[in-house]
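Me: Please take a close look at one part of this structure for me. I would like the charged pairs, and then what surrounds them.

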Amino acid sequence: MSAAPGQGSGMSDLTILDGVLSDRGSKYAVAGGPATSRAEAEALVKALKRKKKFAKATHNTWALLLPGEPVKADDGEAGAGMVILRMLERAGLEGHVIVVTRWFGGTHLGGDRFRHVQSCVRAYMEEIGVDPGGAD
């Protein structure tokens, strides 16, 4: 797993962990950064997708916890945004978007995909020095 700050316009606020895990051909990465609105979160996701590798991903699922306005996007990975959102709530991490990226490897993972999303979010929170709050 490698960690790198984002580069280029809009990427400077992103922390990216690449190669977090792989399972049955699917590969996962996680990224995130500060955001104070849905528009800022969408801008960070858009900036992430400017990297060709992330633009070609099967799913870029994300969530952002704002006071009174939790927002999420599954990007085709049904339920994954809610998994991220619940972990943000448990950790008390507001104003920070987390994006879990998956490159589909040809084999459906069933419920394991949610455990992988949790593992990615946990790795990201540990990287930025936030206690995930026992979120599993």
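Reply: Start with helix α1, residues 38-48. Glutamate 42 and arginine 38 both sit in this helix, four residues apart, about one turn. Their side chains form a salt bridge, with N to O at 3.4 Å. Keep in mind that this is a predicted model.

How buried or exposed are the two partners? Glutamate 42 has a relative accessible area of 38%, so it is partly exposed. Arginine 38 is at 34%, so it also counts as partly exposed. The cut-off for buried is under 20%, and exposed means over 50%.

A search of the whole structure gives three salt bridges. Another one joins lysine 53 and aspartate 18, at 2.5 Å from N to O. This pair links distant parts of the chain. Lysine 53 is in helix α2 (residues 52-55), aspartate 18 is in strand β2, and 35 residues separate them. Lysine 53 has a relative accessible area of 40%, so it is partly exposed.

The remaining bridge runs between arginine 102 and glutamate 77, whose closest N and O atoms are 3.0 Å apart. It too connects distant parts of the chain, 25 residues apart. Arginine 102 belongs to strand β6, while glutamate 77 lies in the loop between β5 (71-73) and α3. Both arginine 102 and glutamate 77 are buried.

Stay on β6. Threonine 101 is in this strand. Its relative accessibility is 1%, so threonine 101 counts as buried. Its side chain makes a polar contact of 2.6 Å with the side chain of asparagine 60. Beyond its close sequence neighbours, up to four places away, threonine 101 touches Lys27, Tyr28, Ala29, Leu48, Phe54, Ala57, His59 and Asn60.

Valine 30 shows how the parts meet. Leaving out neighbours within four places in sequence, valine 30 contacts Thr15, Ile16, Leu17, Val20, Ile98, Val99, Val100, Cys120 and Tyr124.

Next, the hairpin. Strands β2 and β3 run antiparallel and are joined by six bridges. Serine 22 stands opposite lysine 27 in β3. Two residues lie between the strands of this hairpin, and there arginine 24 has a positive phi near 50 degrees.

Last, helix α4. With 16 residues at 1.5 Å a residue, α4 should span 22 Å; its end C-alpha atoms are 23 Å apart, so the two values agree. Its buried residues are Arg113, His116, Val117, Gln118, Cys120, Val121, Ala123, Tyr124 and Met125. Their cover includes β2, β3, α3 and β6. Just after the helix, glycine 129 takes a positive phi of about 80 degrees.

Conventions. Residues are numbered from 1 along each chain as its sequence is written. This is a predicted model: local features need pLDDT of at least 70, side-chain atom pairs count only at pLDDT 80 or more; totals for chains, interfaces and linings use all residues. Side-chain values use heavy atoms; hydrogens and water are left out. Contact means heavy atoms within 4.5 Å. Buried means under 20% relative accessible area, exposed over 50%, partly exposed in between (1.4 Å probe, protein chains only). A polar contact is a pair of N or O atoms within 3.5 Å; within protein, one must be able to donate a hydrogen and the other to accept it, and residues adjacent in sequence count only if both atoms are side-chain atoms. A salt bridge is a side-chain nitrogen of Lys or Arg within 4 Å of a carboxyl oxygen of Asp or Glu. Two strands pair if DSSP finds at least two bridges between them. The expected span of a helix is 1.5 Å times one less than its number of residues.
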